[in-house]
Amino acid sequence: MATSSINVPNAGPVAGSRSFLSRLRDGDEIARVVTFLFAASVVLISLLLVVELWMQSTLPRHKFGFSFFLTRVWDPIAEQFGALPFIYGTLVTAAVALLIAVPLGIGAAIFLAELAPQKLSDPLQFFIDLLAAVPSVIYGLLGVFFVIPIMRQWVQPALKSTLGFLPLFQGPAYGIGFLTAGVVLAIMVIPYIISVSREVLLSVPRDQREAALALGSTRWESTWKVVVPFARTGIMGSIFLALARALGETMAVTMVIGNTPTISASLFSPGYSIAAVIANEFTEATGDLYLGALIELGLVLFLLTFILNGLARLMMLLTTQRGSGTAQA
Amino acid sequence: MTARLRWRKLVSGFMLTMTGVCALVAVSVLFFILGYLVYNGGTSINWDFFTKLPTPVGEAGGGMANAIVGSAKLLLLASLFGVPIGFFGGIYLAEFSGQKVAFVVRYAADLLNGVPSIVIGIFAYALAVLPFKHFSTLAGAFALGLMMIPITLRNTEEFLLGVPRNLREGSMALGAGKWTTIVRVVVPAAYRGIMTAILLALARVAGETAPLLFTAFGNRFWSPGLNQPTASLPVVIYNYAISPYDDWHRQAWAAGLVLLGLILMVNIIARVILSRGVAVPRS
Amino acid sequence: MRRITGMLLFVLALGGLALAQNALLINGAGATFPYPIYSKWFDEYHKANGSQINYQSVGSGAGIKQVTEGTVDFGASDGPMNDDQIKAYKAKNGSGILHFPTVLGAVVPTYNIPGVNVALNFTPEALSGIFLGRISKWNDPAIAGANKGVNLPANDIVVIHRSDGSGTTYIWTDYLSKVNPDWKDKVSKGTSVNWPVGLGGKGNEGVTGLIKQTPNSIGYVELIYAAQNKVPYGSVKNAAGTFVKADLASVTEAAAGSVKTIPDDFRVSITNAPGKNAYPISSFTWLLIPEKFKDAAKRDVLKGFVKWAITDGQGLTENLSYAKLPKEVVDKELKAISKIQ
């Protein structure tokens, strides 16, 4: 962790105040003002973004109010706009993604933090960080040409024949839909879960593990029953982080989800997500209400990811405080 | 050994192996993606790909020269916009600011970092396209630059804070003012870390598609100057991938390989520089 | 410090270089329906006299929207702008917008049925039933009845439609509204409708791509997309009762009836046209050109292009399966070009 910032007073070698002019001449005051302006511009930009989103979505907010979130109909001709199918699609694909990514991610993180010697763990983590750098459109490319055919020909029929009694796995197997989007998203968010969880697990104080082992637990028991619960908050934080990423994904999702505003219990059904509908319909939204409705969807997405990111950071904060605090007896 | 102990040991061995499998799966995905791209796109990378413009729809041949140059232009402009804000803002946070201001700025940067890229696209459209009434490279660069700011800012701050106190104090003791200290001592000491931060920020936005959809738009020709729509690699990959033309699919794979190759290379270089440690000038 | 200034100067030099190449670039956006012929035309026109006309195939809906916002210099759509949209354009820009038909094309029902390689016959009832979701299997009597001798499987039909605002959708739904009052009530016509069933593809390109990859699917695309990608497409029963496959002759015949009565603003629908061998889902496609141009250079290039496209350019259309404009329409358009100020 970085050392805390020590504010060296901008006086020169002589403690106490110098005259304003001499500070000015030295460039310190100008430097402070100029860099402050740059830093302030960041705050300004973020404020402006929120304000823009809020203001441009005024029309639909006044017209539909809260029912915007409960209406299923998205009909640009009749000017009826409801956000429910998109919220549903966004949440369902994210849920599928987490169901796949969390066990895999935590498992991998446990391996990297607890079992692998550093010589193995560091290079593996390096590769996983690279996985996080792969752009969304490349995942989309793979999704269209690799994942969809596999889902359509092998995975979905297999699920149908074995678990077809569940409403989750009914309906024709298009290959495209909620399940495929969830699978692609899972691959995209695993690196986040792994890297954050690994860091959190590594920061768990050694005496916790050693105490468990000293009491006779097996390696796995000490990991699963002592270390992981100790790092529980941080791991939750990583899951929230992953969730925030999954919610905001655009390209990979729009290429495999089917782009149809449907609400269906079946994971095989095509659907739509907030980010995907904005990407598809933004440039053609004629009429202020249509455009405003899309921007309101953007506002919803923004708020969701904002809250999740905030929670994630809160959890990370709690974990580091706990981890670096003295071990309570 | 009791039976129960044997069972517990078995479970332990099994679960730990499973975690190994998880890690293996996660890592192999990366190699699988690379391999798949090489297999499908490797053969399509030829001289034409880098030098020719796209041909009319349905006709085979042509290349992505304009998309490659367009992406390069976008990234260059985005850095010119995003890096100074992040860099100087980071300097402010590390060297000048008080606790409260620092909190607000960091909060704003984290907020900006978490915004989904499609929403950044909406914002950039409202600010950089509508008022000027055209799509442009500048608008696209604005959107990408916005995304570079938080990464640059947070990392600059972190690496500057990581420079040991005594370096600063030594410089001050020799009579240098604050700004001189920053410019001549602190920043050069944190130079490597900041460079890698910029490289990582670049690699992150190089692959972004969504914000370009309604800012840089697209162009079948060269984009003159900075005020016209421009083709870019990620958008062309997207358009070609969802099309029915096999020739376009080929080109999409090739472009994907080039794009991913460049991004991974930049990431690797950045991380290698970082792992060698932040350079501290020897006294 | 010197290194930084050096880098800055280099960057500025590059920037200057970039700004220096200010060749004239005209931007247009819109329909995917005529994209193959437009991209060929713009390419040939560029080779002939250097003008760069950059056309982005983003769908008619986006074309109308962007030309109204003024973010592109011209638009293109196969669903003509309705009165409200024209009013909105006038309100935003102070002057009007003109429609110029460029070619005639056809929207065909394409499908991907494993084992079926022939051209199926579709009745209006079959098509509207499939897209309403009422006919769900390929071997339904409504389809099989017109296709005796073809072994249609008992598989579920996967309907594919457009996910973006589309003139092709407008033409298709315009036709279905004319032949099925139920469709008119429930869905009606437009560039973006509330589809009862189906998956969405982006652009004619996206729909064709989806059909190619999805077995048992059916969708509607412009003729050339099906032909170029070797996807089978069917014949449709026209108003006179004949099953007609879309081709140059049948599309030209569809337009023949309305040529004499085409209004001055060229907005006309020719779906379900009378005529023994007229293809019922044909349409004009239009360039949307503002009446008033601020930039004289752009205006002149566009005027020159439109003139070239409706005369010399027509020689390139048949190769791509678009039918030429009828002579009377061309004459009327040549006169109308002078309206562009």
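Helices (H or I, at least four residues) and strands (E, at least two) are taken here as DSSP runs, numbered from the N terminus. The structure is a predicted model, in which local features need pLDDT of at least 70 and side-chain atom pairs count only at pLDDT 80 or more, whereas totals for chains, interfaces and linings use all residues. Residues are numbered from 1 along each chain as its sequence is written, and chains are lettered from A and ligands numbered from 1 in the order in which they are written.

In chain C, Trp41(C) belongs to helix H2, which covers residues 35–49. A residue is termed buried if 20 or more other C-beta atoms lie within 10 Å of its own, exposed if 12 or fewer, and partly exposed in between, with C-beta atoms placed from the backbone; Trp41(C), with 25 other C-beta atoms within 10 Å, is buried. Two residues are in contact if their C-beta atoms, placed from the backbone, lie within 7 Å, and, when neighbours within four places in sequence are left aside, Trp41(C) is in contact with Ala309(C), Gly313(C) and Leu316(C).

Strand S6 (residues 158–162) of chain C is mostly covered, five of its five residues being buried. S6(C) is joined in parallel by three bridges to strand S8 (residues 217–222), where Ser217(C) is the bridge partner of Val158(C). Three bridges also link S6(C) in the parallel sense to strand S7 (residues 199–201), in which Gly201(C) stands opposite Arg162(C). An open sheet of three strands with mixed pairing has the order S5-S9-S10 in chain C. Strands S5 (121–122) and S10 (243–244) stand at its edges, each with a single partner strand, so one side of each is left without a neighbour in the sheet. S5(C) runs parallel to strand S9 (residues 235–237), the two being joined by two bridges, and Asn121(C) has Ser235(C) as its bridge partner.

Between chains A and B, 75 residues of chain A are in contact with 79 residues of chain B. Helix H2 (residues 28–56) of chain A gives the largest share of the chain A side, 16 residues. For classification, Ala, Val, Leu, Ile, Met, Phe, Trp, Tyr, Cys and Pro count as nonpolar, Asp, Glu, Lys and Arg as charged, and the others, Gly among them, as polar; the chain A side accordingly has 49 nonpolar, 19 polar and seven charged residues. Between chains B and C, 24 residues of chain B are in contact with 29 residues of chain C, and the chain B side divides into 14 nonpolar, seven polar and three charged residues.

Beyond its neighbours within four places in sequence, Ile193(A) is in contact with residues including Ala101(A), Ile106(A), Ser238(A) and Ala242(A).

In helix H5 (residues 118–132) of chain A, Gln125(A), Ile128(A), Leu130(A) and Leu131(A) are buried, and their cover includes helices H4 (84–115) and H7 (178–202) of chain A together with H1 (3–41) and H11 (246–275) of chain B.

Terms used. Two strands pair if DSSP finds at least two bridges between them.
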